[in-house]
Amino acid sequence: MNNKTMFAPGFTINVNANKTNNGAAANGFNGDGRGSAEALLPDPDFSSPARVREYCNSLRAAAVSLSIQVAMGAEIMKGVLAAVPDPEGRPFGSRTRAAKVARKMSRSADALRDAAKNAAACYSAFQQEYEEEINRVRHRARRPQQPAINWAEQ
C-alpha cells in the first residue's frame, strides 16, 4: 500500500440462509450459482383450488422478485456501459449507447412485471369461471356446528 490507510468497519455481518425448498437453496440458485426454475415454482399440480392459488401466488411472487432484480440490473448495466468512451468521440455518445443496450433489459423487467400481473389475474379468472363449483364445495365443507345445549347439566 502507498502509505494510504484503508477503512475497515469495526463490525462484521454474517448472513445465513438455511431455508430449503425441495433440496434447492433458499435463494433459488444451485450450488454452482446458476438459477433453477424448479426452486422458484411448485409443481404444476392443479388438483384443488388451493393448489391453483398456491401456484399462481408463487408465480406472481417469483415474477415480482425477478422483475425488481432485472430492473436493478438494467440500471447497473446502463451505468457501467456509460463509462465506456464513445469510439467516435460524440458528446453523450457513451450514455446513448448504454441506454440503447440497457433498454432491452429494462423491457425484460417490464415483461416480468406483466407476468406477475397475469398470474394474479389467472387466479381471479379461475375463481370467476369456477365460482359455482367452488361455492358448492365450500358451503358443504364449512357447515358451522351449533353448540348443543345440555339442559340436564345444571
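Residues are described here as buried when their relative accessible area is under 20%, as exposed when it is over 50%, and as partly exposed in between, with a 1.4 Å probe and protein chains only. The structure is a predicted model, in which local features need pLDDT of at least 70 and side-chain atom pairs count only at pLDDT 80 or more, whereas totals for chains, interfaces and linings use all residues. Residues are numbered from 1 along each chain as its sequence is written, and side-chain values use heavy atoms, with hydrogens and water left out.

The chain contains four helices and zero strands, in the order α-α-α-α along the sequence; helices (H or I, at least four residues) and strands (E, at least two) are DSSP runs numbered from the N terminus. Of its 154 residues, 15% count as buried. Where contacts (heavy atoms within 4.5 Å) link residues at least 6 apart in sequence, 45% join residues at least 24 apart.

Met72, Ile76, Val80, Leu81, Val84 and Val101 make up a nonpolar surface patch of about 500 Å², the area coming from the Shrake-Rupley method with a 1.4 Å probe and only the protein chains shown counting as cover for residues. Helix H2 (residues 49-82) supplies the largest share of this patch, with four residues. Leu81 lies in helix H2 and, because its relative accessibility is 30%, counts as partly exposed.

Asp86, by contrast, is located in the loop between H2 and helix H3 (93-129), and its relative accessibility of 9% means that Asp86 counts as buried. When residues up to four places away in sequence are not counted, Asp86 touches Gly93, Ser94 and Arg97.

Technical notes:
Patch = residues over 30% accessible without salt bridge, like charges linked within 9 Å, V, L, I, M, F, W, Y side chains within 5 Å. Salt bridge = Lys/Arg side-chain N within 4 Å of Asp/Glu carboxyl O.
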